[in-house]
Amino acid sequence: MFRFFNLWFISSLLVSIFVIIPIFTVFTSFFENTSDYYELLKNTFLIEYITNSLILLIFVLIITFLIGTGTAYVVSFYTFPFCNFFKWAIILSFAVPPYIYAYSLTAFFENYGTAFTILKNLFGDGDYNKNIPKFDGMLGAILSISFSLFAYVYILTRASFLYQSQNLIELGKNLGFSKFRSFYKIILPSARPAIVAGLSLVAMETLAEFGAVDFFSINTLTTGIYNSWIAFDDLAFANRISFFLLLFIFALFLLENLSRRNAKYHLNVRSGFKRKEKIKLSRNKSYLAFTFCFLVFFLSFLFPLTQMLYWTIKFPENLFDLNIFILLKNTLYLVSLSSFVLILFSLLSNYGNRVSKSKTLNFMSTLSISGYAIPGVILAIAFITFIAWFDESIVKLLGFTSIKKIFIGSILGLVLVYFVRFYSLAFNGIKSGYEKINISVDESAYLLGYSKRKTFMNIHVPFLRNSLLFIVILISLEIIRELPITLILRPFNFETFATTAYISASEDLLEAAAVPALFLILIASSFILVTSKYILREINE
Amino acid sequence: MKKISIFALIGSLFVSAFAYANEVNIFNARHYKADAELYSKFTNKTGIKVNLINGKSGALEKRIISEGKDSSADLYITADAGRCGAMDAKGTLQGGLSSEAIKAAVPSTFRTNKWVGIAKRARIVYYSPERVSGAELSGLTYESLADPKWKGRLVIRKSSNIYNKSLVASLIKNNGKKATAEWAKGVVSNMARTPTGNDRAQIMAVAAGEADIAVANTYYLALMLSGKKGAEQQAAAKKVKAFFPNQNDRGTHMNISCAALVKGAPNKKNAIKLVEFLLTPESQEHFTNNTFEFPMIDGVSPSPLVVNNLGLDFKQDMKTKLASYGKNQAAAVEVMTAAGWK
């Protein structure tokens with residue numbers, strides 16, 4: 001019995017230590033000497049990074065809020081043409097990572113880009129470039145990130161709207177409110193915790209964003225850390241920037257936690273509500289709702305998809321240059337291996353928390369989910385720095401052979417860092433699944449003579465099956481889209497769709513990036529399609 | 001303890017198996033299809049397997065530095081002498097690229113014994129023949145890009161771009177830091193827009209009438225003219241002409257794609273063989289016809305697209321050692337940032 005407890009304890013401890021290492025590494029500057037370049041300019045840089053991150057964050061939050069809650073509202077409360085289609089189709093925007101959205105924006109709007117071609121074909125030769133708006137720089141980054149991430153807000157807000165059901169609208173009617181007023185005064189405030197939770201996910205991803213921001217060469221805190229660390233070997237400055245970034249993230253964490261606390265309060269109320277039919281919109285209004293949803297669906301999904309498709313057809317030679325099967329194999333290999341490891345350890349850890357009720361264990365779990373807040377680029381570099389330091393100052397000192405090759409540039413290293421980054425997804429997912437299994441179920445099992453292990457295998461795992469499936473899909477989507485960690489840590493001759501797309505794009509070969517980008521979108525979409533009903537249901541439960 | 005030693009044993013087997021295979025490991029920041037084709041040619045010819053890790057130069061460099069003596073990297077191949085020079089300054093490269101074959105092929109301006117140019121490019125000025133007169137252009141130098149007559153007419157990439165860093169580093173080498181700082185301020189005040197986009201985007205800005213002159217590398221125009229970027233860009237490229245600056249003094253700013261020999265390279269001999277292979281006329285022709293760079297060696301002609309549209313008779317700057325690009329890089333960034341060059 002005692003030994004069994006220890007197994008949970010030790011695995012939780014290991015996970016926590018492992019996740020804390022990169023954070024620790026970022027904050028300790030004894031690994032490297034720092035440079036004293038541009039001492040005078042650093043404050044200017046710092047202000048620029050903070051300003052850019054803030055601008056990016058604020059506008060992305062505004063746009064994702066408007067689109068996310070807007071679509072969720074329309075889809076949850078009203079019927080209009082294709083509303084059941086949009087219910088899940090809107091989630092497809094998840095399949096397009098911000099960096100691929102950025103390529104599409106550039107391809108379409110640049111001088112002599114796709115927009116120019118369309119105008120030329122429609123109206124003949126002309127000087128259209130001046131009249132085509134340019135979506136690059138900060139504006140491009142804001143749009144790319146917003147359209148790729150708003151689904152977080154949509155999914156969570158929609159789930160919360162479903163609890164509220166029509167009763168709130170009726171309440172509004174009874175009070176003599178207009179539709180807009182009841183939305184603004186009643187529906188929105190009651191969904192606030194869900195909206196805040198969605199927005200804080202968006203915010204964390206925005207702060208961690210690398211691909212699109214790098215593509216438009218915007219200096220944010222994340223790219224700033226990357227540059228000062230990588231380009232200038234200036235770890236002290238990187239740490240200073242990291243400090244500000246972590247401040248941001250800490251604030252977000254707090255917000256998100258507060259909103260969760262409120263969410264529980266709301267959950268208890270829902271049994272009092274009854275589900276009612278959705279309201280049928282008048283003709284004009286239903287057209288309006290349709291147009292809005294279609295526009296969002298078009299801009300977030302169809303637009304990047306068709307742009308990539310168009311390029312693939314226009315430059316077909318790129319299709320044959322690529323070994324799609326190998327890329328697919330590599331992508332799926334990473335996805336399945338990481339999902340397996342992540343699920344295994346989060347199950348162990350969650351179960352440990354459940355049976356031991358140890359405060360230490362609980363604290364460690366909370367610590368170990370912080371990896372999600374740290375940008376992938378920084379995790380990857382911190383990992384390399386740490387392994388190098390550990391190898392030089394401990395392994396070699398003890399007379400062992402270097403361990404660097406085992407961890408750096410290997411699948412093992414890659415999966416380990418994915419683990420740190422995505423552990424919170426798996427851990428929280430299973431945790432929320434566990435919360436639905438009443439503790440009395442365990443007690444009944446023990447009464448029936450089940451051992452702890454048997455309770456876990458025969459009762460918990462089947463109960464959790466649906467949550468597990470949901471988590472696998474989430475992790476898979478993240479890993480299919482993941483860029484910086486894969487880019488920095490992958491082994492020789494190992495490419496995924498994401499790395500191939502990124503590398504072509506960074507070499508000014510956007511057309512060649514189209515093929516892997518297209519496949520990435522298609523594969524991620526198929527993951528979403530297969531499980532869309534499930535994603536929507538899981539959150540609702 | 002027993003377990004640890006078994007682990008170490010397995011680890012060491014793993015490592016040694018890695019080191020003794022007949023292969024060469026390239027940390028590759030140049031991602032042209034043409035390069036990959038050359039590497040497979042090399043494998044067919046010599047039986048040496050080429051392992052690639054593709055990535056952005058910064059991340060690759062960081063990995064080489066962190067792996068230190070144990071790095072599996074043999075060669076680091078990247079565009080821009082500034083990057084190879086900076087790696088050298090960090091002490092991560094070793095000598096050895098000094099075989100007779102290499103020395104005979106590559107002029108000394110374009111190599112050290114730790115890194116060697118494998119293809120050349122020039123950073124030049126593109127102009128709109130409709131809006132820029134011959135008189136305005138006559139005698140144009142990089143230095144004169146700061147002339148107020150170009151106010152609101154110039155486009156160039158961001159200061160974070162390595163090609164710009166190397167260009168400015170060469171100006172610092174030739175004119176000193178103080179003069180270059182003044183120059184950078186002039187350039188910034190002449191810009192037609194806040195820097196955005198890649199080199200090709202600068203050329204297209206001139207074609208589209210957003211600016212009158214642009215600074216960009218030579219191979220981009222040929223790439224657009226080749227039709228590989230589509231009919232629209234081909235047509236756009238024809239609206240733009242190339243001009244080679246500094247013809248009356250030191251010559252046009254040259255840069256290279258370089259191969260650097262990493263310190264502790266496990267397959268040093270194979271690495272040197274590969275570099276020699278890349279410098280053969282056959283490989284050089286492959287480069288020039290696919291990436292539209294200039295050949296590193298004599299006796300190979302650039303792509304006809306380059307020869308016909310950019311011309312071949314221009315004076316290259318053979319005086320400024322490319323090693324100075326890496327050395328003056330920090331100063332270049334400082335100068336540009338201080339001038340408000342985004």
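**A loop residue and its surroundings**

Tutor: A:Y112 lies in the loop that joins α4 (98–109) to α5 of chain A; helices (H or I, at least four residues) and strands (E, at least two) are DSSP runs, numbered from the N terminus. The model is predicted, so local features need pLDDT of at least 70 and side-chain atom pairs count only at pLDDT 80 or more, while totals for chains, interfaces and linings use all residues. Residues are numbered from 1 along each chain as its sequence is written, and chains are lettered from A and ligands numbered from 1 in the order in which they are written.

The phi of A:Y112 is positive, about 60°, although the residue is not a glycine. Most residues other than glycine have a negative phi. A:Y112 counts as buried because it has 26 C-beta neighbours inside 10 Å; a residue is buried if 20 or more other C-beta atoms lie within 10 Å of its own, exposed if 12 or fewer, and partly exposed in between, with C-beta atoms placed from the backbone.

With 14 other C-beta atoms within 10 Å, A:N493 is partly exposed.

Several of these helices also belong to the contact with chain B. That contact takes 39 residues from chain A and 45 residues from chain B, two residues being in contact if their C-beta atoms, placed from the backbone, lie within 7 Å. On the side of chain A, the elements that give two or more residues are α5 (114–123), α17 (376–395), α18 (404–407), α22 (484–489) and α23 (497–506). Of these, α17(A) gives the most, with four residues. This side divides into 18 nonpolar, twelve polar and nine charged residues; Ala, Val, Leu, Ile, Met, Phe, Trp, Tyr, Cys and Pro count as nonpolar, Asp, Glu, Lys and Arg as charged, and the others, Gly among them, as polar.

A positive phi also occurs after α7(A), at A:G176, near 75°. The buried residues of α7(A) are A:L168, A:I169 and A:G172. Seen down the axis of α7(A), they fall within an arc of 100°, so they line one face of the helix; the arc is that of the directions from the helix axis to the C-beta atoms. In the contact between the two helices, A:L168, A:I169, A:L171 and A:G172 of α7(A) meet A:R181, A:S182, A:I186, A:I187 and A:S190 of α8(A). By class, this contact has five nonpolar, three polar and one charged residues.

For chain A as a whole, there are 24 helices and two strands. Buried residues make up 49% of its 541 residues. Among contacts in chain A with a separation of 6 or more, 83% join residues 24 or more positions apart.
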